[in-house]
Amino acid sequence: MSSLPTEFERTEIGEIQIAPEVIEVIAGLATIEVEGIAGMSGGFAGGIAELLGRKNLSKGVKVEVGQREAAVDVSVIVEYGSRLPEVAGAVQRNVKRSIEMMTGLSVIEVNVHVHDVQFRAKAVEGRTEELDLGTPRVK
C-alpha cells in the first residue's frame with residue numbers, strides 16, 4: 001500500500017497527484033451508497049477515531065495505487081436478509097465506476113470482504129434498534 005502521492009499525470013503547467021487516501025475515501029463512500037450495506041468494518045484505530053467523534057471515511061478500505069491502476073479491498077458489514085453475492089457485486093461495480101470516473105485510474109480489482117451481518121430487531125416508535133446477540137461461541 002502506497003502512502004505517498006503517486007505521479008498521476010504531468011501537464012504542460014505541472015503535475016497532478018492524487019493521494020491514496022483520497023482513493024480510499026472515494027471507495028468508502030461508493031461502498032456505503034450500496035443498498036444492503038450496513039457499514040464498514042475497520043480496525044482498532046478506526047473505532048477509536050469514531051469514539052472521539054471523528055468520521056473515518058476510509059474505514060475498512062485499503063488501496064494499492066500505481067501510475068495508472070488501482071486495486072481496492074473493502075471490508076463491510078451487510079444488513080441481515082440481504083443476498084451477499086448481489087450486495088458484494090453491487091459494491092464492486094459502484095467502487096470501480098466511482099474511482100475510474102473521478103480519478104481516471106483503471107481499477108483492476110475490487111475485493112469485498114464481508115466481516116459481519118447486522119441484525120435488526122423490531123421497530124420501536126418509528127426507529128430500529130440493533131439486536132444484541134452477546135459474545136460469539138466460536139472464534
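I began with burial in helix H3, where Val87, Ala88, Gly89, Val91, Asn94, Val95, Ser98, Ile99 and Thr103 are buried (under 20% relative accessible area, with exposed over 50% and partly exposed in between, for a 1.4 Å probe and protein chains only). I note that the model is predicted, that local features need pLDDT of at least 70 and side-chain atom pairs pLDDT 80 or more, while totals for chains, interfaces and linings use all residues. Residues are numbered from 1 along each chain as its sequence is written, and side-chain values use heavy atoms, without hydrogens and water.

I then looked up the extent of H3, which covers residues 84-103 (helices are DSSP runs of H or I with at least four residues, numbered from the N terminus). Its 20 residues reach 28 Å from first C-alpha to last, close to the 28 Å expected at 1.5 Å a residue (1.5 Å times one less than the number of residues). Proline 85 lies in this helix and is exposed, with a relative accessible area of 62%. Just after H3, I found glycine 104 with a positive phi of about 85 degrees.

Next I turned to helix H1 (residues 20-32), whose axis comes within 8 Å of that of H3 and crosses it at roughly 140 degrees (axes are lines fitted to C-alpha atoms over the stretch in contact, with angles from 0 to 180 degrees between N-to-C directions). On H1, Ile23, Ile26, Ala27, Ala30 and Thr31 make the contact, and on H3 Val91, Asn94, Val95, Ser98, Ile99, Met102 and Thr103 do so (heavy atoms within 4.5 Å).

How values were computed. Helix = DSSP H or I, 4+ residues; strand = E, 2+ residues; numbered from the N terminus.
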